[in-house]
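Hi everyone, thanks for coming.

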Amino acid sequence: MKENIVRQEYDNIANIYDLRWNSYINKTLTYLKNWANISPQDTVLDVGCGTGEFESLILRDNPKQHITGVDISEQMLLVAKNKFIANSNLYPNIYFQIARASSLPFANHSFDIIVSASAFHFFDDPVAALAEMKRVLKPDGKVFILDWCKDYFFCRLIDLYLKSFNSAHKRCYTQAEFHKLLTSANFNIQRAAKFNFDVIWRMMVVEMKL
Ligand SMILES: C[S@@+](CC[C@H](N)C(=O)[O-])C[C@H]1O[C@@H](n2cnc3c(N)ncnc32)[C@H](O)[C@@H]1O
């Protein structure tokens, strides 16, 4: 099962993740935050939250935002928790929990907004992950997923490379493959875009509803 390998890989790099990927994290998560335009009243779930950088961005504007991050890596979650623990009185509604995307430990219809950034291409069972997002989303809620986009040469190249040399890597998707998965899971795509991360790397993002 790849999940164990992914967990191990992220446990190993948790302490250097923010520093190593600083520019990538800032750019992608700021893009996602602007795209999602989350209202202060929304209850948010972040699937594959990593070191809690999306949470930092959201709480900077709305310290009382109700936001839960889940991840399979205990060490990534530890880094995330440490960012907020000293100021827990300032951020009363931030929670982190260990969980797999394909088995979310929440009641049906719990969240107004679900986000997932740079994690979807790791999911062992993307169909189960989407079914879980559907289950825990409120009927009028929205899901935003941002991920690498295999429509572009360098992503195809990296996908091939990682498939050969990194056992944690699952697979990247073209936008068409990604959208097919989403619509097969009975999500309705509201908006979709591709954007340049830098001169060679491109990402895709989607907003969807039930
Ligand atoms: C590239 S990091 C992205 C972290 C964060 N979303 C960000 O943008 O900085 C991918 C994260 O997804 C998590 N992950 C991978 N597969 C997962 C799964 N099946 N369920 C939950 N989290 C998962 C990893 O542990 C890792 O922390």
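First, a term: a polar contact is a pair of N or O atoms within 3.5 Å; within protein, one must be able to donate a hydrogen and the other to accept it, and residues adjacent in sequence count only if both atoms are side-chain atoms. With that in hand, a nitrogen atom of the ligand lies 3.4 Å from a polar backbone atom of Ile72. On its own the ligand exposes 600 Å², and the protein buries 97% of that (accessible areas by the Shrake-Rupley method with a 1.4 Å probe; for residues, only the protein chains shown count as cover).

A word on what you are seeing: this is a predicted model, where local features need pLDDT of at least 70, side-chain atom pairs count only at pLDDT 80 or more, and totals for chains, interfaces and linings use all residues. Residues are numbered from 1 along each chain as its sequence is written, and side-chain values use heavy atoms, leaving out hydrogens and water.

Which side chains reach the ligand with an N or O atom? Glu3 has one 3.4 Å from a ligand nitrogen, and Tyr17 has one 3.2 Å from a ligand oxygen.

Of its 20 residues, Tyr10, Gly48, Asp71, Ala101 and Ala117 come nearest. Helix H1, residues 2–20, gives the largest share, four residues; helices (H or I, at least four residues) and strands (E, at least two) are DSSP runs, numbered from the N terminus.

Zooming out, the chain has seven helices and seven strands. From the N terminus they run α-α-β-α-β-α-β-β-α-β-α-α-β-β. Finally, the C-alpha atoms fill a box of roughly 45 × 35 × 35 Å along the principal axes. Thanks, all!

Methods:
A residue is near a molecule or strand if one of its heavy atoms lies within 4 Å of it.
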